[in-house]
Amino acid sequence: MADAAQLAVVERSGFVESRHAGSAVVTAADGTVIRAVGAPDAPVLARSCLKPFQAIAMLSAGAPLAGPTAVIATASHTGTDGHVELVDALLAEAGLGRDALRCPVDWPGDPAARAAARQRGDGKQTVYMNCSGKHAAMLLTCVRNGWSLPDYLSPDHPLQRLILTTIEEFTGEQVHAAATDGCGAPVYALSLTALARGIGRLGAAPGRHPEVGSLDHYARILADAILANGWVIEGPGRPNQIVADRLGLVAKLGAEGVLVMAAPDGVAVAVKMLDGSSRATTAVGLELLAEAGAIDHTAVAEVLPLLDLTIFGGTERVGEIRADIVD
């Protein structure tokens with residue numbers, strides 16, 4: 001991505017000590033590009049930003065996902081007790097135990113949940129891994145369709161073939177490359193422009209009345225669930241939950257500095273940081289949506305202090321991580 005641009009800076013005591021470079025794009029509800037920064041048509045591995053489209057595919061295959069269970073299928077969760085209960089509920093619906101999960105073991109991402117797990121002597125578990133909700137939903141989808149379970153992560157499995165078809169149909173772009181995600185599931189490379197168009201379609205779904213059984217119908221089920229259960233998609237006090245609850249945005253962070261976010265009117269943004277850091281992605285996405293008129297600048301200013309962007313010198317605030325977009 002040789003045409004990457006500056007997207008954010010880290011300022012300490014009035015001195016810019018770090019800069020985040022990358023690409024971003026804002027699309028309108030009809031998919032047209034409102035603003036392009038850097039090289040948004042270059043393919044990037046979408047990582048967990050694909051989860052909403054994976055969940056739509058599973059809904060279309062008859063997976064009984066609704067409300068919080070639809071969101072946990074989309075989540076990169078932090079392993080709180082509430083998250084674990086939802087994962088276990090999906091597995092119970094499928095008649096399976098945690099041993100069916102093929103994601104890696106991990107500790108909860110939530111500090112309090114991690115401390116409690118250590119105190120209980122739990123050790124790392126698959127159910128604590130941030131993608132376990134997606135994996136449980138995949139298993140449930142397989143059970144409902146009579147598909148094999150041990151190989152549910154294989155790219156040639158019927159579920160994964162359906163997911164790939166759904167991603168391409170929903171984003172309007174053929175994938176550029178395939179890889180294996182950190183959780184073991186297939187992951188695909190798409191342009192930021194395609195990702196923005198896809199998440200914009202999801203963000204606008206609650207205001208539409210799509211045909212029952214269409215992908216937009218399942219997108220509306222998912223978007224309604226995310227906005228009503230913001231804590232599930234990541235965790236209490238985390239960026240995705242904050243922007244859903246405070247601003248009514250559908251947002252999904254992915255590993256290696258990828259973010260997609262959409263307003264109710266279908267205006268959407270996709271961001272990729274070249275250094276793989278996610279610390280500034282939400283701030284950059286919000287700034288771009290505000291500049292496009294999709295959200296109010298004042299509302300963004302009220303949310304930014306909640307996003308852990310403060311730079312400290314000792315115990316004193318001496319600076320901040322902030323969006324600083326240079327085309």
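In what order do the strands of the open sheet of 3 strands run? The order is β4-β6-β5, with antiparallel pairing.

The model is predicted: local features need pLDDT of at least 70, side-chain atom pairs count only at pLDDT 80 or more, and totals for chains, interfaces and linings use all residues. Residues are numbered from 1 along each chain as its sequence is written, and side-chain values use heavy atoms, with hydrogens and water left out.

**View 1. The open sheet of 3 strands.** Strands (E, at least two residues) and helices (H or I, at least four) are DSSP runs, numbered from the N terminus. Two strands pair if DSSP finds at least two bridges between them. β4 (43-45) and β5 (177-180) are the edge strands, each pairing on one side only. Neighbouring strands are turned by 30° against each other on average, direction ignored.

**View 2. β4 beside β6, with helix α7 on the sheet.** Strand β6 (residues 186-191) runs antiparallel to β4, joined by 3 bridges. L45 has A189 of β6 as its bridge partner. Helix α7 (residues 192-204) packs on the sheet and touches β4 and β6. Contact means heavy atoms within 4.5 Å. The direction of α7 makes about 105° with that of β6. Axes are lines fitted to C-alpha atoms, for helices over the stretch in contact; angles run from 0 to 180 degrees between N-to-C directions.

**View 3. The crossing of α6 and α8.** The axes of helix α6 (residues 158-171) and helix α8 (residues 215-228) come within 11 Å and cross at roughly 90°. T166, E169 and F170 of α6 meet L215, D216 and A219 of α8 in the contact.
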